[in-house]
Amino acid sequence: MLKIKNLRCCYGNIAVVHTVSLSVRQGELISIIGANGAGKSTLLGAVCGLLKNWSGDIEFKGRALKGMSAPAIVRQGISMVPEGRQIFSPLSVMDNLKMGAYTRFKKDGKHRVAEDLDMVMQMFPILKERSAQLAGTLSGGEQQMLAIGRALMARPALLVLDEPSMGLAPKIVEMIFSTIQDLSHSGVTILLVEQNARAALKISDRGYVLETGKMVLQGSADELLVDDDVKRAYLGKDYGDFLDERNQ
Amino acid sequence: MTQSEPTPGIPAKQILDVQNLTKMFGGVKAQDQISFSIEKGIVCGLIGPNGAGKTTLFNMITGIYQPDAGKVAFNGKDIRKTPAHRLVKAGIARTFQHVELFSSMTLLENILVGMHVRTQAGFWAAVTRIPAMKREERQSRRRAEELLEFTGLCADAHKMAGDLPAGRQKTAQIARALASEPLLLLLDEPAAGLNPVETHALGKLIQKIKQSGITMMLVEHDMSLVMEMSDKVVVLDQGKKLAEGTPRQIQRNEAVMSAYLGNG
Amino acid sequence: MKQKNLVVAILVTILWILPVSGGMAANVYKIGGIFSVTGRASFLGDPEKKTMEMMVERINAAGGIDGHMLEAVIYDSEGDPAKAVSAVNKLIHKDKVIAIIGPSTTPTTLAVVNFTKRANVPLISCAAGIKITTPVDPWVFKTAQSDLLAVAAVYQQMKAAGIKKIGILTVSNAYGESGKKQLLDQAEKFGIQVVLNESFGAKDTDTTTQLAKIKAAGPDAIVCWGTNPGPAVVAKNAKQLKIDIPLYQSHGVGSPKFIELAGDAANGNILPTGKILVTSLLDDSDPQKKVLEDYQNAYENKFSGNVSGFGGYAYDAVNLLAGALKDSNGDKEKIRDNLEATKGYVGATGEFNFTPQDHNGLSPDAFVMVEIKDGTWTLLK
Amino acid sequence: MAIKNNYIRIEYLVFLCAVSAFGFVTENTYYLQIMTFIGINTLLGLGLNMLMGYTGQVSLGHAAFYGIGAYTTAILSGTYGINPWLSLVCAVAAAVFIAFIVGLPTLRLSGYYLAMGTLGFGMIVNIVIREWAAVTGGASGFVGIPVLEAGPLIFMSGANYYFLVWGIVFAAMIVCRRLLASRTGRALRAIHDGEKTAVAIGINTHLLKLEIFIFAAALGAVAGFLYAHFVLFISPESFGFMFSIKIVTMVVIGGMASVWGALLGATVLTLLPEVLHGFAEYEMIIFGTVLMVVMIFMPQGLTRGIMDMIRTAGRART
Amino acid sequence: MQEIVQYLFSGITTGAVYAVIAVGLSMLYSSTELINFAHGEFVMIGALVMVTLWVRIGLPLPLAMAGAVGAGCVSGLVFERFAIRTARNPEPITLIIITVGAGIFLKGAAMIIWGKDPFSMPAFSSHESIEIFGAALLPQSIWIVSAALVLAGGIHLFLKQTLTGKAMVACAVNKKAAWLSGIPSEKMGILAFGISTGCGAVAGIFIAPITMSAYDMGTILGLKGFCAAMIGGLGSLWGAFAGGLLLGILESLGAGLISSGLKDAIAFVLLLLILYIRPGGLFAAKEAKRF
């Protein structure tokens with residue numbers, strides 16, 4: 001469904017992502033994990049049209065995404081839940097959700113949107129409860145639900161989540177991840193970018209590990225979960241062991 | 001250099017002492033009761049997952065934010081209310097994660113700007129070009145050239161800073177920070193965007209700076225570099241201090257591991 | 001060294017404006033005009049410019065002056081002193097005119113006189129400010145009635161009507177300020193007490209605050225000194241506040257436009273004006289009547305829109321200059337002398353008698369007092 | 001633009017020669033007078049260019065300092081008969097003092113609020129000039145400003161005044177250049193490139209902004225002095241809001257952060273109305289269009305725009 | 001006492017004019033972060049088109065109003081399309097100078113179309129003033145204040161109730177997220193431009209009867225509107241409304257109680273004080289930190 005080949009992204013003249021390739025198939029839940037600064041969000045920026053300065057190929061359903069604007073990519077069927085949630089705080093919860101379906105009001109009509117609205121509300125009962133409240137007054141976890149709900153309102157073929165666990169308490173994180181898992185089971189294709197490797201890999205089909213802009217590992221989630229190299233990608237080569245060796 | 005004598009009671013060997021530092025942003029605690037200290041001459045690594053509050057901490061130490069509670073002492077002197085530009089004069093210098101060289105100036109001029117707090121010439125001196133100003137200018141130039149040599153950037157002295165390759169810009173930033181003759185140098189992700197060769201060279205440079213007696217604080221995602229360079233590592237997570245210790249202790253700390261890898 | 005290109009570019013620009021130096025054809029008298037054709041005072045400058053063009057055409061059609069054709073070079077000052085200075089230097093040094101008519105406003109006139117004096121070029125200003133001709137400068141004349149005379153005419157009328165206390169409301173520009181000064185200075189002479197003086201901005205949308213304040217001070221009449229459209233707003237506001245004491249206006253609103261703008265509210269307003277507004281009402285014995293009819297017909301045939309007293313200033317200036325150009329052979333000194341010697345010229349503004357001490361040359365009877373009744377002017381005796 | 005540290009650069013010499021040559025060759029007072037106005041406007045532009053170009057502070061009230069300079073010298077030398085050269089010193093001192101008082105709180109504002117603050121200041125100064133009629137002559141203007149003299153030299157319109165003004169302009173340009181090449185200038189250019197970084201390397205940006213604000217005010221006052229003794233008559237409308245906008249436009253059209261930009265901007269904006277005189281009614285439309293077109297197609301100002309054009313042309317040839 | 005009430009009425013009338021203008025400016029700023037220095041010129045266009053349609057051609061009042069507002073919107077959209085969007089480098093200062101140029105252009109064009117003379121226009125309802133506490137309230141003032149209220153309220157409802165309005169708010173608060181939700185932010189900008197210049201035209205329509213309309217009436221009104229928007233806090237709708245009223249009342253009280261010559265100066269001194277004390281305006285919506 002989504003194919004990325006030899007992607008290279010730059011900020012100014014610094015390459016943050018080099019020669020990254022990955023693919024997502026219909027119905028899969030894929031995680032990209034890595035420590036912060038590894039270039040995960042940058043990679044997503046390129047996919048979703050936020051970042052212009054990249055080279056390589058990104059194909060979605062056989063169509064090249066190069067040069068498309070973010071709204072155009074949304075119309076292609078990729079919805080993103082941005083890092084840090086980025087909800088529209090002065091708007092009500094309901095309105096936030098409607099904004100997610102902005103492009104569809106003309107295309108699909110009010111009824112279809114209303115149906116989806118019901119669907120999302122059912123999925124996140126808390127949002128239904130709070131539908132008239134201003135989004136800015138929600139708690140972090142609720143905001144994250146709202147951000148996911150908003151992205152779903154565009155009826156995406158591929159849902160992209162950028163660090164949904166960031167800044168949330170462990171319990172809430174657990175809940176978010178189980179929601180993501182439910183979504184995946186209901187047939188949505190998901191690309192999940194996470195720092196929280198264990199939680200992400202637990203629910204994923206496959207995973208990619210990114211370290212300082214490069215893809216260092218890939219494989220099935222179960223393999224990665226037990227791979228020591230994952231730990232190394234996060235905490236560096238084992239300096240302690242190195243010292244021990246030398247001291248012997 | 002304008003340094004006040006260390007206050008009695010605080011061990012002089014600690015160059016930076018942070019006590020119960022708290023910072024709120026719109027009711028949310030971005031920093032919660034953080035305490036640690038840095039001894040003179042060491043390299044202290046500061047790590048933590050995204051949103052852990054490393055940048056906020058940096059900004060408080062360098063005077064860009066004022067803490068809501070707690071205290072920061074530099075060389076035994078409370079610096080909570082000191083404006084950013086004074087702190088540089090007192091001896092705290094920093095580099096930025098994204099390269100922030102002055103792109104319309106040459107590399108040499110960038111270094112000269114870095115000396116701003118150590119030079120005097122003002123408006124009238126500039127306009128009249130009095131001998132003292134010319135002398136100062138000559139001395140500054142000489143020192144700038146020495147610094148460029150120290151950092152291995154001599155060849156690029158007269159190139160526009162914006163035209164340099166990324167790696168050089170990173171190094172140049174460090175050179176510019178050194179130009180202010182700091183006692184404490186804060187490096188914000190110096191290795192981000194560098195290739196392995198450049199990262200290696202950066203490590204060498206950090207060691208060289210350490211040998212010259214400058215204390216350093218290092219925020220970095222390249223853990224190999226942090227672990228290799230640091231004498232001590234402080235780990236932040238969600239605005240709190242999670243752990244503090246030698247690199248080895250940190251790498252084996254279960255709390256750190258679950259902060260990074262998740263505990264799921 | 002990139003900047004070198006820039007220097008070249010600047011040099012080219014400079015060279016490009018150089019060669020346009022004006023030569024003067026021998027048999028043409030070039031005269032200059034500076035008017036506020038656009039900008040705040042365009043109501044003055046626009047008719048003045050048109051009148052000057054028309055008059056020059058007429059004089060040329062009649063064979064010119066001593067066989068010399070007139071050529072008018074007219075620039076727009078936009079009411080800006082700096083622009084007027086540019087224009088006057090252009091006229092003197094580039095176009096090499098032998099005399100200048102204008103500018104339209106007092107500040108622009110005061111700005112240019114320093115340059116015309118130095119170059120010894122006679123200037124006939126169309127502005128009202130008394131500062132222009134007091135103290136008298138040999139090279140500076142003016143055709144517009146001074147505020148001095150307008151205020152005198154107003155006060156005379158008030159005295160006759162038994163008005164003792166007045167409140168004044170002036171526009172905050174040179175015109176209003178000069179009026180205010182005269183109103184305050186001359187009040188005592190006519191036994192009138194100014195109870196309150198207030199001002200309003202030329203572009204104010206509402207003046208009820210000032211009017212309410214004046215009303216509270218309890219004067220017998222209100223004098224408003226300004227030029228359109230401000231006084232029309234004042235008249236409207238006064239009506240809305242139900243102020244029933246007489247409202248006096250200045251000669252600055254002396255055009256049908258005022259009645260159009262103020263509508264009903266104009267009725268009952270009393271103002272001094274040049275006779276041009278009331279030409280048809282004048283006695284046939286009035287020496288100005290013929291002149292005014294002639295000017296009015298000529299102007300209204302040529303341009304759309306009504307003739308105004310302001311254009312009359314230019315009408316008189318051109319005629320006075322034409323008179324002075326006779327036998328002058330284009331010599332500026334001679335033109336000046338001739339101007340100063342002008343006696344008994346009956347023009348649109350009044351009868352001019354210049355003397356070395358008086359370069360305005362008008363007497364108070366240049367003004368008549370009119371009242372607006374039923375949307376038209378009526379003469380007050 | 002890199003500024004190297006050799007003392008006088010070739011283009012300044014070329015410029016000096018060109019200006020002098022123009023002064024000697026041209027006898028037509030009109031051209032000299034236009035050039036004089038260009039010179040006065042250049043001074044205003046230079047100051048504001050330093051402020052806007054380097055510290056990023058937009059001032060919509062710069063004409064106020066122009067007015068303060070003009071009125072101070074007019075009142076002192078005209079009303080009180082003080083030597084005009086002494087009154088120049090007073091004019092500059094007055095501008096510096098007021099700039100200091102106003103700059104302290106105002107420069108803490110930023111963006112549109114700073115623009116608003118300076119605009120308000122400009123309006124207040126203008127209204128005070130207009131209403132304080134007893135001293136300033138009010139709306140009808142101030143008459144009786146003495147002609148400048150220095151020994152046997154009398155500065156009246158014409159070549160004398162031309163040389164006086166351009167001498168001062170040249171000196172001001174050298175001052176600006178020296179300033180930019182110095183420690184202070186490097187700090188200024190640092191603020192231009194990145195204000196946060198400049199703070200982080202120890203530059204007291206607020207102080208520096210204030211210094212430049214005061215410097216610009218002083219240059220403005222000098223320009224006002226020159227204007228007053230040139231035209232010998234001043235009135236409030238020459239120093240109003242529209243003129244402030246015009247100075248900003250000069251700076252932006254010419255090109256910010258460039259000494260030559262100030263000169264070019266002042267030249268274009270002074271010459272344009274002169275050239276457009278012939279279009280009478282259409283002057284405003286053309287002027288507005290030129291302004292928009294330049295900004296749309298040469299957003300960096302004419303200095304850069306023209307240089308880019310020359311460069312592309314040169315590249316096309318080779 | 002009676003005078004004070006009169007000053008207040010007068011101030012509210014003038015203030016409502018400023019408010020309508022400020023609301024338009026603020027509206028544009030909140031969606032595009034641009035201050036349109038040609039805004040006053042759209043007020044002028046509204047007033048002059050209204051004079052032409054209603055007084056000269058004799059169209060019915062509502063039709064003439066619609067025409068004048070339409071003229072404001074259309075000229076605004078044309079301006080946006082040809083001057084703002086074509087700009088190569090949309091830095092704020094560049095855009096500001098473009099709007100200044102556009103202001104001069106529009107003024108020049110209006111001078112050619114309508115000439116230099118001012119025009120008057122009858123009030124929408126009777127001229128008789130209403131007496132309250134011995135002070136006269138002009139019927140047109142009521143029109144203006146209601147127009148300001150309706151306009152601000154209308155925009156408020158538009159932003160709060162309609163999908164497009166909400167999308168506009170979304171763009172203003174978080175461009176990136178709006179962009180990711182598929183909201184075309186450029187179109188929102190264009191729409192904001194149209195609404196903003198339309199507001200300008202509305203202001204023109206309602207003040208034409210109390211003041212005189214001429215080609216050069218806009219500049220000072222635009223300026224006052226800018227001040228009002230600033231006092232209220234840029235980007236805040238009701239802030240702009242309140243700022244306008246406050247400015248009008250300050251001017252009027254300054255003129256009435258201190259000196260009418262210094263009224264603008266008094267108003268500006270107070271404004272500066274407000275800015276010094278609350279650097280983001282009274283009802284700051286968000287930090288206005290551009291250029």
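**Figure 1. Salt bridges across the whole structure.** Searching every chain turns up 45 salt bridges in total. Welcome to this structure, which is a predicted model. Side chains of opposite charge can pair when their charged atoms come close.

**Figure 2. A salt bridge in chain B, between B:Asp78 and B:Arg80.** In this close-up, the closest N and O atoms of B:Asp78 and B:Arg80 are 2.8 Å apart. Are these two side chains buried, exposed or partly exposed? B:Asp78 has a relative accessibility of 40% and counts as partly exposed, because that value falls between the 20% limit for buried and the 50% limit for exposed. B:Arg80 is partly exposed too, at 31%.

**Figure 3. A buried pair in chain C, C:Glu198 with C:Lys213.** Here a salt bridge links C:Glu198 and C:Lys213, with 3.1 Å between the closest N and O atoms. C:Glu198 sits in strand 7 (residues 193–200) of chain C, while C:Lys213 belongs to helix 7 (residues 208–217) of chain C, so their pairing ties together parts that are 15 residues apart in sequence. Both residues are buried.

**Figure 4. A pair within one helix of chain D, D:Arg311 and D:Asp308.** The salt bridge between D:Arg311 and D:Asp308 has its closest N and O atoms 3.5 Å apart. Both partners lie in helix 14 (residues 302–317) of chain D, and the three residues of separation amount to about one turn of the helix. D:Arg311 is partly exposed, with a relative accessible area of 38%, and D:Asp308 is partly exposed at 37%.

**Figure 5. A salt-bridge network with members from chain C and chain E.** Which residues are joined when salt bridges share partners? One network brings together C:Asp204, E:Lys224, E:Glu251, E:Lys263 and E:Asp264.

**Figure 6. The largest nonpolar core, with 248 residues.** In soluble globular proteins, nonpolar side chains tend to be buried together. Within this core, D:Trp166, D:Ile234 and E:Ile98 touch the most other members. Helix 10 (residues 205–231) of chain D gives the core its largest share, 17 residues. Another core lies apart from it, with 106 residues that include C:Phe35, C:Ala41, C:Val151 and C:Ile243.

**Figure 7. The surroundings of D:Ile234.** What does D:Ile234 touch, leaving aside residues up to four places away in sequence? Its contacts are D:Ala70, D:Tyr71, D:Ala74, D:Gly141, D:Phe142, D:Ile145, D:Tyr227, D:Ala228 and D:Phe239.

**Figure 8. Where chain D meets chain E.** In this view, 44 residues of chain D are in contact with 54 residues of chain E. About 4,100 Å² is buried between the two chains, and carbon and sulfur atoms give 81% of that area. On the chain D side, D:Tyr112, D:Tyr113 and D:Met284 lose the most area to chain E, together accounting for 22% of what that side buries. Across this interface there are zero salt bridges, but three residue pairs are in polar contact.

**Figure 9. The side of chain D that touches chain E.** Which elements give two or more residues to this side? They are helix 4 (84–106), helix 5 (111–131), helix 11 (241–254) and helix 13 (283–297) of chain D. Helix 5 provides the largest share, 14 residues. Sorted by class, this side of chain D has 31 nonpolar, 10 polar and three charged residues.

Methods: Residues numbered from 1 in each chain as written. Chains lettered and ligands numbered in written order. Predicted model: local features only at pLDDT ≥ 70, side-chain atom pairs only at ≥ 80, totals over all residues. Heavy atoms only, no water. Core = buried A, V, L, I, M, F, W, Y, C linked by side-chain atoms within 4.5 Å. Buried < 20%, exposed > 50% of the residue type's maximum accessible area, 1.4 Å probe, protein only. Helix = DSSP H or I, 4+ residues; strand = E, 2+ residues; numbered from the N terminus. Contact = heavy atoms within 4.5 Å. Buried area = accessible area lost by both parts, 1.4 Å probe. Salt bridge = Lys/Arg side-chain N within 4 Å of Asp/Glu carboxyl O. Polar contact = N/O pair within 3.5 Å; in protein donor to acceptor, adjacent residues only side chain to side chain. Nonpolar A, V, L, I, M, F, W, Y, C, P; charged D, E, K, R; others polar.
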